[in-house]
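Visitor: Could you walk me through this one, a question at a time? I would like the cut-offs along with the answers.

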Amino acid sequence: MRHLLSTADLGHDEAVLILDTARELAQIGERSVKKLPTLRGRTVVNLFYEDSTRTRTSFELAAKRLSADVINFSAKGSSVAKGESLKDTALTLQAMGADGVVVRHGASGAAHRLAGWVDGSVVNAGDGTHEHPTQALLDAYTMRERTGRLAGLRVAIVGDVLHSRVARSNVLLLHTLGAEVTLVAPPTLVPVSVGTWPCQVSYDLDEVLPKSDVVMMLRVQAERMNEAFFPTAREYSRRYGLDRDRFALMGEDAIVMHPGPMVRGMEISAEVADSPRATVTRQVANGVSVRMAVLYLLLGGSEPAIGQR
Amino acid sequence: MSDENESGGTEYLIRGARPLGGEPADILVRAGEIAAVGPRAAAEAGAPARTVQADGMIALPGLVDLHTHLREPGREDAETVASGCRSAAMGGFTAVHAMANTDPVADTAGVVEQVWRLGRDSGHCDVRPVGAVTRGLAGERLAELGAMADSVARVRVFSDDGMCVSDPLLMRRALEYVKAFDGVVAQHAQDPRLTQGAQMNEGEVSDRLGLAGWPAVAEEAVIARDCLLAEHVGSRLHVCHVSTKGSVEIIRWAKQRGCDVTAEVTPHHLLLTDDLVEGYDPIYKVNPPLRTAADVHALREGLADGTIDCVATDHAPHPIEAKETEWANAAMGMLGLETALSVVQHTMVDTGLLDWAAVADRMSAAPARIGRLTGHGRPLAAGEPANIALYDASAERVVDPAAMESKSTNSPYRGMRLPGRVTGTFLRGVPTVLDGKIQ
Ligand SMILES: [Zn+2]
């Protein structure tokens, strides 16, 4: 594995290796000294064209716990904001000797383009409406942690699938790991060729909830109603929002996930978001471990990360 | 290149070429015309006639392109009329239409005359400016179509290409109005609402790549509407760069009804498919977008059975920085002039769908007829203007955009092995290309 651009590039064993590595690394987070020397001398650049403190911080923490040097290259206020092209930025990073580039960009495929221009490993931290592989990995990690399995797990992904990089990455990864995914959304918010995806599709959330072990709620932007994807935010919530009544339809052990940031009241009600069966904060914690695993496996540290005490 | 007087005096005896792929026959070129074809050619050649050895080459009437973007005025960094004309000559073309989406837009007699003069001065290819249908391509008010028709540029093809004349009433009026001077409206069929933010063909690949989809229906619905409008008002309609199976079916249906519609297909839509977008390389970003294999198949069939009348390149040069970027920010368009004949050979001739006589029709006679060009698209016969392309169909080449005459290098065929090579082009008896080299 040279880059992590799409979960489609991960085979079953590779994906499991990342999850297992993340579990080992998670133990470090529980020690008093949280650092490993594994990536000492390596440089990881966080290249963020979109504001996402959550994801950037998670990657930063992951890299630092592995002792890598971290450079935050935010688009705002830099040469990027002054119109420097992605290619020129790539050449700059190349000259700086970046071993790994973590990129978040508003354009689908930006990580792919970057991978063609730099020698270092590229980690896609979200590209447009394409993919967000580490989010899917941390989601899978959280599901396995909470339910003890992935094979045969019934996962409903609810919301704006069409514009969701989280949904794309999750569908591919969960399928690879043997889970059964059902997408739930109004027909306007699923891609036209969704029938070719390795998952089921339903327009009826109430019908899917009792049959799901995991319900993942996607963020829905209220502005989508201006493009006629749905009539009003209120109607969207009524049909596809996870409120207390719907929560009651779920199985007793079923969990609720959300990649954040949440729109409380739109796709998820406050009492559901705060329920002990919601994994939102756990997902954040697991994000650091999973990103450590990805950086470790990609950048191939000089010292073993696992099993060191 | 030699000046007109001198060359007008030079005779050329083209030996051994196969007119329209038939039996070898010598061709004598004199004073801008074809003086003789066959056994009499050598006999009639004067002593100073220069011999062009063309054994086994296919001789075609000089190719005619209904659709190029020569970028001048405004984007001379990407192409000029002069460089575009050299590029055209290298592709075997003797006449090209230059689209109106320049800066300023070719929506007045002044701009079309400027482009026409630049073409005349280049000497490598005749340039027929296309006039904008609406002022500034804004789709709101008609441009002065009559003034452009009456200018020295004698505009007959009108198009807002790059933009669709989407207002049905405006389209109706334009179709009607140009009848006064036997003009034709060439429609870039793209419903703007259905393609807001669209990045590539809508389907499995766009859904997987997370790129906003460009549905086939956005093209097909406009074509269907325009065919019905043209039929209603008894006008000629030309459809630019047909790219979908459904479009071919609609045009076939319209022709059967008696609608006076013609259509073009680009070489790239005859060969390339949307799965090439997988790597997000914007060299494959084009408008209309690359479609699916089923569409490519239907386009080839449509061109073979005459539903699609001609091949037009939609040659669209862009500077490197317009393509070396993330997909969504990249410009749309590809080079086409210097690879068109090779792609047509590869997709249509080598597959048995067209013979060379039919290629001459689709790439010369038909586009000349649609554009109302006199002196182009004529038979290779004594007394006709000596506009000739010589083509070595047995050659093979690896496409190298850096070696092209175009100022830009955005060819989607870079590194691809393609058959055939243009070895000679004559524009009214003057060689613009000889031995495969620009003159
Ligand atoms: Zn066009």
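Visitor: Which loop of chain A holds A:Asp274, and which side chain does its own side chain contact?
Guide: A:Asp274 sits in the loop between helix 10 (270-273) and helix 11 (280-299) of chain A; helices (H or I, at least four residues) and strands (E, at least two) are DSSP runs, numbered from the N terminus. A polar contact is a pair of N or O atoms within 3.5 Å; within protein, one must be able to donate a hydrogen and the other to accept it, and residues adjacent in sequence count only if both atoms are side-chain atoms. At 3.0 Å, the side-chain partner of A:Asp274 is A:Arg264.

Visitor: Before we go on, what kind of model is this, and how are its parts numbered?
Guide: Residues are numbered from 1 along each chain as its sequence is written, while chains are lettered from A and ligands numbered from 1 in the order in which they are written. Side-chain values use heavy atoms, with hydrogens and water left out, local features need pLDDT of at least 70, side-chain atom pairs count only at pLDDT 80 or more, and totals for chains, interfaces and linings use all residues, as this is a predicted model.

Visitor: Is A:Asp274 buried or exposed?
Guide: Buried means under 20% relative accessible area, exposed over 50%, and partly exposed in between (1.4 Å probe, protein chains only). A:Asp274 has 52% relative accessibility, so this residue counts as exposed.

Visitor: And A:Ser58, buried or exposed?
Guide: A:Ser58 is part of helix 2 (residues 53-65) of chain A. Leaving aside neighbours within four places in sequence, A:Ser58 is in contact (heavy atoms within 4.5 Å) with A:Gly287, A:Val288 and A:Arg291. Because its relative accessibility is 7%, A:Ser58 counts as buried.

Visitor: What distance separates the C-alpha atoms of A:Thr182 and A:Ser212?
Guide: A:Thr182 belongs to strand 6 (residues 180-184) of chain A. Not counting residues up to four places away in sequence, it touches several residues, among them A:Val155, A:Ile157 and A:Val208. A:Ser212 is 30 residues apart from A:Thr182 along the chain, and their C-alpha atoms are separated by 8.7 Å.

Visitor: Where are cis peptide bonds found, and what is omega in the one at B:Pro104?
Guide: In chain A, a cis peptide bond joins A:Gly260 and A:Pro261, with omega about -10°; A:Pro261 is in the loop between strand 9 (255-257) and helix 10. In chain B, B:Pro104 lies in the loop between strand 8 and helix 4 (109-122). The cis bond there joins B:Asp103 and B:Pro104, and omega is about 5°.

Visitor: Which residue takes a positive phi in the hairpin of strand 3 and strand 4 of chain B?
Guide: Two strands pair if DSSP finds at least two bridges between them. Strand 3 (residues 27-30) pairs antiparallel with strand 1 (residues 12-15) over three bridges, and four bridges join strand 3 to strand 4 (residues 33-37), also antiparallel. B:Val29 is the bridge partner of B:Tyr12 and stands opposite B:Ile34 in strand 4. With two residues between strands 3 and 4, the hairpin has a positive phi near 55° at B:Ala31.

Visitor: Is B:Leu20 buried or partly exposed?
Guide: B:Leu20 is in the loop between strand 2 (18-19) and strand 3 of chain B. Its phi is near 50°, a positive value in a residue other than glycine. Because its relative accessibility is 35%, B:Leu20 counts as partly exposed.

Visitor: What is the area buried between chain B and chain A?
Guide: The contact involves 18 residues of chain B and 20 residues of chain A. Buried area is the accessible area (1.4 Å probe) that two parts lose on being put together, summed over both. Carbon and sulfur atoms give 54% of the area between these chains, which is about 1400 Å².

Visitor: Which side chains meet in a salt bridge at 2.9 Å?
Guide: A salt bridge is a side-chain nitrogen of Lys or Arg within 4 Å of a carboxyl oxygen of Asp or Glu. Across the interface of chain B and chain A the rule finds two. The pair at 2.9 Å, N to O, is A:Lys87 and B:Glu324.
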